[in-house]
Amino acid sequence: MESQVSLKRNGQINIILNEREKLSTSRETREENSYDPFVDIDHQFSSFIGLANLKDTMKEIYASITINQKREKAGLKAEKQVLHMLFKGNPGTGKTTVARQLARTLFEMNILSRGHFIEAERADLVGEYIGHTAQKTRDLIEKAKGGILFIDEAYSLGRGGDKDFGKEAIDTLVKHMEDSHNEFILILAGYPNEMEYFLSLNPGLVSRFPIVLEFEDYSVGQLLEIAKQMAAEREYHFTKEAEWKLQDYLIKQKQNKSHDFSNARFVRNLLEKSIRKHAVRLMRKQNLTTKDLTTITKSDLHLD
């Protein structure tokens, strides 16, 4: 269970702190018993649909750090691994969700000392006068130490030209990525094309992100699986007819999708609307059964 703290200051920063005592106990138990860390990674990311490269990347990180520790003990050279990351993908492809899970997983791996997660946007970094931006950015980095600083739509920092204070935020981030690279992990996320342009704004950016994850749009089959998973989490399920109707609708949406098609977010909104329609339908019935209360039918899927 997580404790959640939301701070609002010229924008919104969401900080999610893990229950450190509980996780520390988990670490101790894990160390006392033999276990396969790769199996543990598979388990922690088992609910993620798609993202086949994610687990492989996590295993590479864990293996590299473990072997480096063994090299140090053997008196060999061991390079400190930089774990700053770039997430490229359209909205609703799981970037924020993955980043939150990474904070928990990397804490469990003893890579992060606190394992907390800070989500920030342009307003949280960019100030209103010269020098204000650098201070705001430094303060945010200080809060992030021991955890992950996640900046979505990071390319927004590059808008406004040379006189915009966003460039000052970028320069400050670059400096602290180098000076404090072992104290926090920075993840920048956004649309693929916009992120490529953003990286071109500062020649030092590209080399500081050794890990790049591409978040592809979900296929129709994956979106349907996500819808069923979301429904199950709420203790609902679709009839076969409802699944077929939803699948046909998703096929049409994928064929005609615009640049801002929101993938899993789109599916979640459809599900929540269907649950409301389902509730209205049940209000007209007497003696409701458990099956009635948990089954979403074709008529509940009011698709525009």
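Predicted model: local features only at pLDDT ≥ 70, side-chain atom pairs only at ≥ 80, totals over all residues.
Tutor: Asn287 sits in the loop between H11 and helix H12 (290-294).

Student: Is Asn287 buried or exposed?

Tutor: The general idea is to compare relative accessibility with a cut-off, and exposed means over 50%. Asn287 has 73% relative accessibility, so it counts as exposed.

Student: Which residue other than glycine has a phi near 70 degrees?

Tutor: Asn110 has that positive value. Asn110 lies in the loop between H4 and strand E4 (117-120). Its relative accessibility is 41%, so Asn110 counts as partly exposed.

Student: How many helices and strands does the protein chain have?

Tutor: The secondary structure of the protein chain comes to 12 helices and nine strands. Of the 304 residues in the protein chain, 45% are buried.

Student: What share of contacts joins residues at least 24 apart?

Tutor: Take the contacts in the protein chain between residues at least 6 apart in sequence: 73% of them join residues at least 24 apart.

Student: Where is Tyr236 placed, and which residues does it touch?

Tutor: Tyr236 is in the loop between H9 and strand E8 (237-238). Leaving out residues up to four places away in sequence, Tyr236 touches Ala231, Ile275, His278, Leu293, Thr294 and Ile296. Tyr236 and Thr294 are 58 residues apart along the chain, yet their C-alpha atoms are separated by 4.4 Å.

Student: Is Tyr236 buried or exposed?

Tutor: Buried means under 20% relative accessible area. Tyr236 has 19%, so it is buried.

Student: How should I read a helix pair such as H9 and H11?

Tutor: Begin with the axes, then turn to the residues in contact. The axes of helix H9 (residues 220-233) and helix H11 (residues 264-282) come within 9 Å and cross at roughly 45 degrees. H9 and H11 are therefore oblique to each other, and H9 passes H11 in a right-handed crossing.

Student: Which residues of H9 and H11 meet?

Tutor: On the H9 side they are Leu223, Ile226, Ala227, Met230 and Ala231, and on the H11 side Ala264, Val267, Arg268 and Leu271. By class, this contact has eight nonpolar, no polar and one charged residues.

Student: What is the angle between H9 and H10?

Tutor: H9 and helix H10 (residues 240-255) pack at about 135 degrees, with their axes 10 Å apart. The crossing of H9 and H10 is right-handed.

Student: Which residues make the contact of H9 with H10?

Tutor: Val220, Leu223, Leu224, Ala227 and Lys228 in H9 meet Glu243, Leu246, Gln247, Leu250, Ile251 and Lys254 in H10. These residues divide into seven nonpolar, one polar and three charged.

Student: How far apart are the axes of H10 and H11?

Tutor: The axes of H10 and H11 are 13 Å apart, and the two helices pack at an angle of about 140 degrees. H10 and H11 are therefore oblique to each other. H10 passes H11 in a right-handed crossing.

Student: Which residues meet there, and how do they divide by class?

Tutor: Leu246, Tyr249, Leu250 and Gln253 in H10 meet Phe266, Val267 and Leu270 in H11. The contact of H10 with H11 has six nonpolar, one polar and no charged residues.

Student: How should I read the largest nonpolar core?

Tutor: In soluble globular proteins, nonpolar side chains tend to be buried together. In this structure the largest nonpolar core has 28 residues, and Met58, Phe87, Leu102, Ile148 and Ile187 touch the most other members. The elements giving two or more residues to this core are helix H3 (52-73), strand E3 (85-89), helix H4 (95-108), strand E5 (148-151), strand E6 (185-190) and strand E7 (211-215).

Student: Which residues does Ile187 touch?

Tutor: Not counting residues up to four places away in sequence, Ile187 touches Met85, Phe87, Ala99, Leu102, Ile148, Leu149, Phe150 and Ile151. There is also a second, separate core of 27 residues, which includes Ile141, Ile170, Leu173 and Met177.

Conventions: Residues numbered from 1 in each chain as written. Heavy atoms only, no water. Axes fitted to C-alpha atoms, helices over the stretch in contact; angles between N-to-C directions. Helix = DSSP H or I, 4+ residues; strand = E, 2+ residues; numbered from the N terminus. Parallel < 35°, antiparallel > 145°, perpendicular 65-115°, else oblique. Left-handed = near helix turned anticlockwise from the far one by under 90°. Contact = heavy atoms within 4.5 Å. Nonpolar A, V, L, I, M, F, W, Y, C, P; charged D, E, K, R; others polar. Core = buried A, V, L, I, M, F, W, Y, C linked by side-chain atoms within 4.5 Å. Buried < 20%, exposed > 50% of the residue type's maximum accessible area, 1.4 Å probe, protein only.
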